[in-house]
Amino acid sequence: MDSPRLDQLKRNRRNRLARGIVMRNTMWAAGTGLIPIPVLDSAAIVAVQLKMLAELSSHYKVDFRKSSGKAVIATMMASITGGVLGKSFLATGIFSGLAKALPVVGTTLSVLTMPGFNAAFTYALGRVFQLHYEAGGTMEDFDPKRAEPKFKEEFQDGLKVVKDAKVA
């Protein structure tokens, strides 16, 4: 087998494995949306997302720092909730925190909306980092502002993935 063909097969395999990391953590993220306790649900989703970033970093042999991962997650959350707020207040993490304060009805609404939001957000985060690492990027040179348009596009794709997987 010639070298270019072998290199392409290796890239395809690396992409498939990275995609598996993203999809597996997307499903875990959906599960965190079912946690009815406000602080615990937030801790769980961040833990899943940090685990995914660490797995992708290891897969691409890129150094990973938990503090950098937390900063990226916070920045991307601010980016997406600004756009989502204008479209659907029910689909945001902000809604979840407020809703859970309402007995029964609030928790029910949160459990209905958060699995899909958590899964789509995690999917988008994973895909953006997969593409960034695939292009030779590192955690240190990741620019959230530059990645924002792609993140929003992947978030929309994540919503479709969630719908197709019947996660939410």
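This is a predicted model: local features need pLDDT of at least 70, side-chain atom pairs count only at pLDDT 80 or more; totals for chains, interfaces and linings use all residues.
1. **Overall make-up.** The protein has 6 helices and 0 strands. Of its 168 residues, 40% are buried. Take the contacts with a separation of 6 or more: 72% of them join residues 24 or more positions apart. The accessible surface is about 9000 Å², and carbon and sulfur atoms account for 63% of it.

2. **Helix H6.** This helix covers residues 144-165 and bends by about 35 degrees at Lys150. Asp143 caps its N-terminal end, with a side-chain oxygen 3.2 Å from the backbone nitrogen of Lys145. Buried residues in H6 include Phe151, Glu154, Phe155 and Val161.

3. **A salt bridge inside H2.** The structure holds 9 salt bridges. One joins Glu55 and Lys51, with the closest N and O atoms 2.9 Å apart. Both residues lie in helix H2 (residues 38-59), 4 residues apart, about one turn of the helix. Glu55 is partly exposed at 22% relative accessibility. Lys51 is also partly exposed, at 33%.

4. **A link between H5 and H6.** Arg127 pairs with Glu154 in a salt bridge, the closest N and O atoms being 3.6 Å apart. This pair links distant parts of the chain: Arg127 sits in helix H5 (residues 105-134) and Glu154 in helix H6, 27 residues apart. Both are buried.

5. Which residue does Lys150 form a salt bridge with? The partner is Glu154, at 3.2 Å between the closest N and O atoms. Glu154 counts as buried because its relative accessibility is 3%, under the 20% cut-off. Salt bridges with shared partners join Arg127, Lys150, Glu153 and Glu154 into one network.

Terms used: Residues are numbered from 1 along each chain as its sequence is written. Side-chain values use heavy atoms; hydrogens and water are left out. The bend at a residue is the angle between axes fitted to the seven residues ending there and the seven starting there. Helices (H or I, at least four residues) and strands (E, at least two) are DSSP runs, numbered from the N terminus. Buried means under 20% relative accessible area, exposed over 50%, partly exposed in between (1.4 Å probe, protein chains only). A polar contact is a pair of N or O atoms within 3.5 Å; within protein, one must be able to donate a hydrogen and the other to accept it, and residues adjacent in sequence count only if both atoms are side-chain atoms. Contact means heavy atoms within 4.5 Å. Accessible areas come from the Shrake-Rupley method with a 1.4 Å probe; for residues, only the protein chains shown count as cover. A salt bridge is a side-chain nitrogen of Lys or Arg within 4 Å of a carboxyl oxygen of Asp or Glu.
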